[in-house]
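Here's a quick briefing on a structure, with a look at the rings and the strands. Have the viewer open while you read.

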Amino acid sequence: TIDWIDFAGATGYTVRYRTIGSANWTTITSVINTIIVTGLQAASTYEFQLQSNCGSGNSSIFSNSSSFTTLAPPCNSPSGLSASNVTNTSAVLTWSAFAGASSYTIQYREQGAASWATQSSNVTTYSLSGLLANTTYEFAVQTNCGAGSNSSFSIPSTFATSAPPCVSPSGLTANSISDNSAVLSWNPVSTAASYTVEYRITTSPQWYSVTTSAASVTINGLVASSNYEFQVQTSCSSGNSSPFSTAANFSTLAVPCLIPTG
């Protein structure tokens, strides 16, 4: 807004302005002693001069120049924060672009944690990795507009990583096999809360089941000289369960032929 002291004999005024150093003036007129100039360039220094118009083609010369500097454009926080492609250890963060941004700063943490981890991006997306499974995170984004001008961080947005996959055990083996028992074991699964073991004589349609929290179990009451198969399912602490593993086989021994007594 440009204003000046009114001249009693003036019927109007001519204002001309330009960025300092420019060869060309922009000219506008006003019948009062104030005018609003729009369409200026941000963070630029302008000079302006005024001329009184006294009617009948009688005008003053232009005044000496006065100057002003427009402000830098506001550096606003991004909006539209969201997380997609979320797995148990990773997520892709996105937000809406800000026209004046030269880059963005991303901060994230487990929800409620005391400190933030910080990353930067020149685009409106960032892929996080190395996250904890089954955990709620929050993140916020700051716009960097250059020349040390930064927005405040946005309001945080939250997302939750999924539980780790509940996988079937591997390495199924049978040991300490006798005519009526065997110790069945497998490689432990780190996320397991318990295991379900199913076993049967290979020609039988009926499975028998037992549950254990260890990565092995002793099965008794087996039939001597019989071929068995068994399979194991993991029940994870997250409440989901794996498919049953591929079955493994073992054979019980014949009943021992003992020396008579008595």
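In what sense do strand β2 and strand β5 pair, and over how many bridges? They run antiparallel, with 8 bridges between β2 (residues 12-19) and β5 (residues 45-53). Keep in mind that this is a predicted model.

**The sheet**
- β2 and β5 belong to an open sheet of 4 strands, ordered β3-β2-β5-β6 with antiparallel pairing.
- At the edges you'll find β3 (26-30) and β6 (66-69), each of which pairs on one side only.
- Going from one strand to the next, the twist averages 30°.

**Aromatic rings**
- Searching the whole structure turns up 11 aromatic pairs.
- One of them is Trp-4 with Tyr-13: the ring centres are 5.3 Å apart and the planes sit at 70°, so this pair is edge-to-face.
- Both partners are buried: Trp-4 has 14% relative accessibility, and Tyr-13 has a relative accessible area of 3%.
- Tyr-17 and Phe-48 turn up again here, as ring pairs link them with Tyr-46 and Phe-68 into a cluster.

**A charge over rings**
- Arg-16 is worth a click: its charged end sits over the ring of Trp-25, 4.5 Å from the ring's centre.
- Arg-16 also lies over the face of Phe-62, and there the distance to the ring centre is 3.9 Å.

Methods. Residues numbered from 1 in each chain as written. Predicted model: local features only at pLDDT ≥ 70, side-chain atom pairs only at ≥ 80, totals over all residues. Heavy atoms only, no water. Phe/Tyr/Trp six-rings, centres within 6.5 Å; stacked < 30°, edge-to-face > 60°. Buried < 20%, exposed > 50% of the residue type's maximum accessible area, 1.4 Å probe, protein only. Lys NZ or Arg CZ within 6 Å of the ring centre and 35° of its normal. Pairing = 2+ DSSP bridges. Helix = DSSP H or I, 4+ residues; strand = E, 2+ residues; numbered from the N terminus. Axes fitted to C-alpha atoms, helices over the stretch in contact; angles between N-to-C directions.
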